[in-house]
Amino acid sequence: MPDRPKKIDGLESEELEGLDEVVYVRRDDGSCFSLNPTASVILDLCNGQRTCEDIMLTLQEDLTVEKEQLLKDIEAILTEFNEYGLTTSS
Amino acid sequence: MAAPYWSLHKVVAGMQLHIDGSSLDCRDEITALLSLFPDRFVRVGTKTSNDMCFHVRRSGEKVLLLDDKQQLYCTADHSGDIVAAFEWAFYKHTLDAINPELLSIHASTVKVDQRLITFAGISGAGKSSLCTAALLQYAHYLTDEFTLLDESGCIVPFPRPLQWGIEKHPAFDTHAMLASGLFTRAFYDFTHQHGDTLRSWLWLPKHIEGNRQPADIMILPRYDPHAPTADIQPLRRGQAIIELAHLIQQPISIATSVKELHRRLPRKTLFYRLHFSSAKAAIFLLIETN
């Protein structure tokens, strides 16, 4: 997992209103990914400068989850983003 | 210009189509191709405006297909090749003209017990087989290959013939299909790119649904000869829309397709994934489930 993950270029998003789902489409090959709103926010926070902890601190205000658990969850999500090619290292 | 020998006036997805010929060339085949579309009544001698217009002409040994501006679309030695060219041009013109009012999904649609069932998938997924199996159970036919979705989430009928390149369908007894009275059949021959003659069989269902109606049930089928006869599972709307977005036949981006499908498809539309080895069993299961 990159230290400071960056959302890849060429990713379009469409929020599916009423479904709590955001669909991301890679412009280069048309592949699609569906994320819940929280995961979508995390992806959008991946600007190549924020660390996992930075993202956790940004989200902590809005979520009622223990810091350590939240950090673990975010790390897991960022690992998946990296595996699916949605993020790269900055 | 002399009056044509034959002419057809049809309504196609709300548009006016006119085609005429200066001789018998292509008349019977094109009449069969368009026979399921509603006629447009035109008073003899009146000038009409058309959204799509084609002309078939003979020039010596050659048969010509012209567009509405009398520009040459293509020329061929055999009338069957002009029929094939017309078919391709007709579908292309339709898809261009309906964009963006109608989204065209690579899918077949039938009406069963007042509800529309759409089978969407790539070639070989089993759309036409499921469509045929439903029609043999007295379903009404809307379309095969081009399911047109309007802005309000209704499917607009586009009843082109079901088409196979072989006389005997692998899943259905053709004699039984004809004996059922639920289909008639026609064909035309054309020259394949490799030079051999191929026959396109046109299957014309008897019961046509002429009215647009909201999309009720969308099925993403997958034919698998090793699968159980039929297995159906509900599919999340988001996942279904992602897969349907890859089946849009117009040149729009996947992201736009996702957005438009979600906007248009009614919230009450149900989505299912269907694995099947028997189209007949699949249809019975669908009817039972819904």
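Mentor: Happy to! Let us begin with a term: a polar contact is a pair of N or O atoms within 3.5 Å, where, within protein, one atom must be able to donate a hydrogen and the other to accept it, and residues adjacent in sequence count only if both atoms are side-chain atoms. Please keep in mind that this is a predicted model. By that rule, four residue pairs are in polar contact across the interface of chain A and chain B, both residues of each pair being at pLDDT 80 or more. On the side of chain A that touches chain B, the elements giving two or more residues are β2 (11-16), β3 (21-26) and β4 (32-35) of chain A. Sorted by class, this side of chain A holds five nonpolar, three polar and four charged residues.

There is also one salt bridge between chain A and chain B. Its partners are A:Glu21 and B:Arg236, whose closest N and O atoms are 2.5 Å apart.

Now for the extent of the meeting place. Twelve residues from chain A and twelve residues from chain B make up the contact. The size of an interface is often given as the accessible area lost when the parts come together. Here, about 1000 Å² is buried between chain A and chain B, and carbon and sulfur atoms give 71% of this area. Within chain A, the residues that lose the most area to chain B are A:Glu14, A:Leu16 and A:Cys32, which together account for 38% of what that side buries.

Next, a look at chain B itself. It has an open sheet of four strands in the order β6-β10-β11-β15, with antiparallel pairing. Its edge strands, each pairing on one side only, are β6 (103-105) and β15 (213-214) of chain B. Strand β6(B) is joined to β10 (residues 147-149) of chain B by three bridges in the antiparallel sense, and B:Ile105 has B:Thr147 in β10(B) as its bridge partner. Lying across β6 and β10 of chain B is helix α6 (residues 254-264) of chain B, which runs at about 100° to β6(B).

Finally, two backbone details in chain B. Most residues other than glycine have a negative phi, and most peptide bonds are trans. The peptide bond from B:Asn99 to B:Pro100, however, is cis, with omega near 5°. B:Pro100 sits in the loop between α2 (79-98) and β6 of chain B. B:Ala13, for its part, has a positive phi, near 50°, and is found in the loop between β1 (6-12) and β2 (15-21) of chain B.

Technical notes:
Residues are numbered from 1 along each chain as its sequence is written. Chains are lettered from A and ligands numbered from 1 in the order in which they are written. This is a predicted model: local features need pLDDT of at least 70, side-chain atom pairs count only at pLDDT 80 or more; totals for chains, interfaces and linings use all residues. Side-chain values use heavy atoms; hydrogens and water are left out. Contact means heavy atoms within 4.5 Å. Buried area is the accessible area (1.4 Å probe) that two parts lose on being put together, summed over both. A salt bridge is a side-chain nitrogen of Lys or Arg within 4 Å of a carboxyl oxygen of Asp or Glu. Ala, Val, Leu, Ile, Met, Phe, Trp, Tyr, Cys and Pro count as nonpolar, Asp, Glu, Lys and Arg as charged, and the others, Gly among them, as polar. Two strands pair if DSSP finds at least two bridges between them. Axes are lines fitted to C-alpha atoms, for helices over the stretch in contact, and angles run from 0 to 180 degrees between N-to-C directions.
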